[in-house]
Amino acid sequence: MKKGYLSSWAKNVAPSPTLAVDAKAKALKAAGEDVCGFGAGEPDFDTPSFIKEACAQALADGKTKYAPAAGIPDLRNALAQKYLEKGVLKELNPAQVVISPGGKYSCYLAILATCGQGDEVIIPAPYWVSYPEMVKLAGAIPRIVFAGDEQGFKVTPEQIEEVLSPSSRMIILNSPSNPTGCLYTRKEMEAIVELACRHDLLIMSDEIYEYLLYDQAEHFSPASFSPEAAERVITVSGFSKTFSMTGWRLGTLVANPKITKAVADLQSQTTSNATTFAQFGALAAMKNWDQSMEAVQGMLVHFDRRRLKLLEGLKATPGITCQRSEGAFYLFPNISSCGLSSEEFSARLLEEEKVAVVSGHAFGAEGYVRLSYATSDEIIEKGLARIQNFCGKLN
Ligand SMILES: *Cc1c(COP(=O)(O)O)cnc(C)c1O
């Protein structure tokens, strides 16, 4: 094979480092090691049973065939209703909603439908690992803007202005954020939307953690700010994180009808619809909203307690500082005073103490590591003791 086997796309794409850490921790565990895993990017609870039962019923009822590419009508309707209530949609139009096999694919299609060769996409760092790779797969160019813990991991409009060019096409926002857990205030978000309107830019707003909030924090959808914002913002979310449904693969996308038409067409030619009977489970989550929110509140009680336990423990560790987070289920401590790179820190912590964390490097943030507290109190306590031991050895 003189021409080799792989395309230029395949040669340049990096595998998801968060999935890789999780796989390594699981392999060590399978080999009998006592691993404390903080790598997981998914809730550790089961899907609420009424959602599972609705899916089982759909299977029993023979909902086992292809569905429309953009999703089953009832689910698109229920989502359109919810987004109308939030002000993201200005009218009840299910054509502005597309269901995809996972929020990750919704993000990819949002980018693919709007960004092409030579377009520049502004990505605030620390970023979710997949954004730059998706932008590159679309032939577009990632423009990274960094915001460290001293600015609460949030980029300012001034920083965005600095990287603008005639090729600027889109800004990606992710609030609450993976990996930092930070949340933009309404005012901060409005300033970025205003900039996008002024410079004719699109915004992809990844709101997958919209319901996982602490300290009475409030989440804002930029599409709800004004009719012009609603035109420019592609709102992505999904069922994975809110309802502990990662394995179901169900993502959502809301945008103006020109964009959703293109997204649905791209989907029809690449994966067809999201799994039909899975969508009936999601429909139960939407139709029984109060029950769904009760289930989410039940999970949040545990996440919140673990968040504070992990935060206090990290802050008490010599060489580590850590910002309080307001959403998602991650903390993103600064380990730069430990004298190791993020990669060395995470590799040695796994090797020497059997604690799995993800290097900040993966998120475009050298000097930090990501810990997920979607794990048990027992693991958090044991893991913290090991991290403190590890840092004690370094100092
Ligand atoms: C988990 C996650 C997603 C999407 O997850 P799916 O399981 O594909 O729905 C999207 N964005 C961020 C930032 C995430 O952490």
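**Close-up 1. The largest nonpolar core of this predicted model has 85 residues.** A nonpolar core here is a set of buried Ala, Val, Leu, Ile, Met, Phe, Trp, Tyr and Cys residues joined through side-chain atoms within 4.5 Å. Buried means under 20% relative accessible area, exposed over 50%, and partly exposed in between, with a 1.4 Å probe and protein chains only. The residues with the most contacts inside this core are I171, F239 and F345. Helix α12 (residues 289-315) gives the most to the core, namely nine residues. At least three residues come from each of domain 1 (8-47 + 292-394) and domain 2 (62-288). As a general point, nonpolar side chains in soluble globular proteins tend to be buried together.

A word on conventions: this is a predicted model, in which local features need pLDDT of at least 70 and side-chain atom pairs count only at pLDDT 80 or more, while totals for chains, interfaces and linings use all residues. Residues are numbered from 1 along each chain as its sequence is written, and side-chain values use heavy atoms, with hydrogens and water left out.

**Close-up 2. Zooming in on I171 and what it touches.** Contact means heavy atoms within 4.5 Å. Setting aside residues up to four places away in sequence, I171 touches I122, I160, I192, L195, A196, L201, L202, I203 and M204. There is also a second, separate core of 44 residues, which includes V21, L109, I111 and V129.

Close-up 3. Domain 1 puts 41 residues into the contact, and domain 2 puts in 39 residues. About 3,300 Å² is buried between domain 1 and domain 2, with carbon and sulfur atoms giving 59% of that area. Buried area is the accessible area (1.4 Å probe) that two parts lose on being put together, summed over both.

**Close-up 4. An open sheet of seven strands runs in the order β2-β8-β7-β6-β5-β3-β4.** Helices (H or I, at least four residues) and strands (E, at least two) are DSSP runs numbered from the N terminus, and two strands pair if DSSP finds at least two bridges between them. The pairing in this sheet is mixed. At the edges sit β2 (97-100) and β4 (141-146), each pairing on one side only. On average, neighbouring strands are turned by 20 degrees against each other, direction ignored. Helix α5 (residues 103-114) lies across β2, β5 (168-174), β6, β7 and β8 (251-254), and runs at about 160 degrees to β7. For these angles, axes are lines fitted to C-alpha atoms, for helices over the stretch in contact, and values run from 0 to 180 degrees between N-to-C directions.

Close-up 5. β2 and β8 run antiparallel and are joined by four bridges, with V98 standing opposite L253 in β8.

**Close-up 6. V236 sits in strand β7.** Strand β6 (residues 202-206) and strand β7 (residues 233-238) pair in the parallel sense over four bridges, and D206 stands opposite V236. V236 counts as buried because its relative accessibility is 1%. Beyond neighbours within four places in sequence, V236 is in contact with a list of residues including G103, S106, C107, A110, M204 and L253.

**Close-up 7. A three-strand open sheet has the order β9-β12-β11, with antiparallel pairing.** The edge strands are β9 (330-331) and β11 (358-359). β11 and strand β12 (residues 369-372) pair over two bridges, and S359 has V369 as its bridge partner in β12. V369 counts as buried, with a relative accessible area of 1%. F332 is 37 residues from V369 in sequence, yet their C-alpha atoms are 5.7 Å apart. Contacts of V369, leaving aside neighbours within four places in sequence, include L331, F332, F345 and S359.

**Close-up 8. E378 is found in helix α14 (residues 377-394).** E378 counts as exposed because its relative accessibility is 56%. E378 and G367 are 11 residues apart in sequence and 27 Å apart in space, C-alpha to C-alpha.

Conventions
Domains from an automatic or database assignment.
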